[in-house]
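Have the structure open as you read.

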Amino acid sequence: MNFIETRGNDGVNPIQVSFSEAILSPMCSFGGIYVPEKFPLLGLDFLEKHLSTSYKDLARDVLAAFKIDIDQDAIEQALSLYDQFDDPADPAPLVRVKNDLYVSELYHGPTRAFKDMALQPFGSVLSALAEKRNENYLILAATSGDTGPAALDTFKNKKNVQVVCLYPEGGTSDVQRLQMVTEDAQNLKVIGIHGDFDDAQSALKSLLSSESFNNKLNEKNISLSAANSVNFGRIIFQIIYHIHSYLELVRMEAVSMGAKVYLDVPSGNFGNALGGYYAKKMGLPVEKIIIASNLNNVLTKLINEGQYDIRESAVTPTTSPAMDILKSSNVERILYDFFGADRTKELMQKLDQDKYYQLKSDELEKLKTVFSADFCSDEEGKKYIQETFESGYLLDPHTATCFKAYETCAEKPLNTIVYSTAEWTKFSPTIANALTGEVGTTDIAALQAIAKKASIAIPTVVSDLFEKPIMQATVIDKVDIEKEILNFLD
Ligand SMILES: *Cc1c(COP(=O)(O)O)cnc(C)c1O
């Protein structure tokens, strides 16, 4: 299967590329991103067949349907990483929480957030490709908390790939920071920046486009790649768990095969929701995809009013920080799918220039046939965490936003699958506050308070972090980033 560009072709870039080329160098003509030229149709017989297979078998067959140019042994190696999840037979368990609401827990991997579902196998595939081609890659990542640990974990000690991860010093939770700064592999570098996430991200963007920096990398025979969710190598692994959670629902006899369901997704960069959309396009019986946001509700406005408006907004810090995003990169792939390359280019350029676009009314109507959306304030989220805990289930603040959207968007009496993106251990001060009222606690105190209140154990991968030595102590000013990275590469 070949990949084409969301904003059309500039006559310089190849018109089509293979999967491996799309994931090694994800940047496209006119600033666009890669999408598959067409999608395989799976059909109900594919779903029937996989009622009795494992997650890995399902994953292998979904990947096969895409006919990607990756050797089978590299695919097996990548999928074997699901064996280190809590339950190797079921890396993403589905749990009934109330009535027709089910939660698909995507956080049972090594860094306790859903980024592992895709980054674990993606890292393995990318490194295998780089090794096979005898090329060296540098992955630069700016993180507000979850992507960094997951990217570091997947690439640690992998061949032909080095990772530099920038995070805002003081801008992540203790657990997230410790997951990064206790990494000791030679091919990883973690750099704290004096500033916030936007500072880290803009520093990274200017490096990526800096000619002198790229030249210096070329002299060292290193190419740049990206591990964020514009890389289709992540998206492809995010289609699989949507299919898996539907099959789980059938296995639990909550729905009969072919009956429609809602997918309810806590959204930031729209990678998770896009995976659900692609699964629907490939034949998964989905009524609608519900897009849950926090107070940074650009996606709610896009889906309800057809307006992408970031003219006045600055990011509002919330208790669901992984969703504190204004420019949601994967929306571009939806625009492409609905309206084609010319219109996508027009809309995305308008967004870059004017920080605003408005869809036409027929375009908006089309969007609404597939998506609905709502947003949830921190106070509302806290209420859902409290209520749901009282009825016996512990939620993280990102997942909580879906509970509001479930109430307002799931109009028909169909089952809803909420995608849970983080374990309670990653955002414990917020959860402790909801459950016990305590404020301003450290992560460790909050973890202990929740463990006691809920009578559950803190997973050892989390509690061990507080005992490990700090291996990555670098904290610098933005201006020194380039020098620091070049030093590391020498
Ligand atoms: C990354 C992340 C999200 C947002 O997912 P997108 O695919 O970017 O929409 C939501 N919750 C958590 C905990 C995350 O880490």
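**Starting at helix 7**

The buried residues of helix 7 pack against helix 6 (147-155), strand 7 (161-168), strand 8 (188-193), helix 18 (443-454) and helix 19 (460-463). Keep in mind that this is a predicted model.

Which residues of helix 7 are buried? They are Val175, Gln176, Leu178, Gln179, Met180 and Val181. Buried here means under 20% relative accessible area. Helix 7 runs over residues 174-181, and since six of its eight residues are buried, the rest of the structure largely encloses it.

Now zoom out. Across the 490 residues of the chain, 59% count as buried.

How does the chain's overall size fit with a compact globule? For 490 residues, such a globule would have a radius of gyration near 23 Å, and the chain comes in at 21 Å, so the two agree. Along its principal axes, the C-alpha trace spans about 60 × 50 × 50 Å.

Contacts are worth a look too. Take those between residues at least 6 apart in sequence: 75% of them join residues at least 24 apart.

The chain has an accessible surface of about 19,000 Å², and carbon and sulfur atoms account for 48% of that. As for charges, the chain carries 47 positive and 68 negative ones, and their mean positions lie 3 Å apart.

Methods. Residues numbered from 1 in each chain as written. Predicted model: local features only at pLDDT ≥ 70, side-chain atom pairs only at ≥ 80, totals over all residues. Heavy atoms only, no water. Rg over C-alpha atoms; globule rule 2.2 N^0.38 Å. Buried < 20%, exposed > 50% of the residue type's maximum accessible area, 1.4 Å probe, protein only. Contact = heavy atoms within 4.5 Å. Areas by Shrake-Rupley, 256 points an atom, 1.4 Å probe, with all protein chains shown as cover. Lys, Arg positive; Asp, Glu negative; His and termini not counted. Charge placed at Lys NZ, Arg CZ, Asp CG, Glu CD. Helix = DSSP H or I, 4+ residues; strand = E, 2+ residues; numbered from the N terminus.
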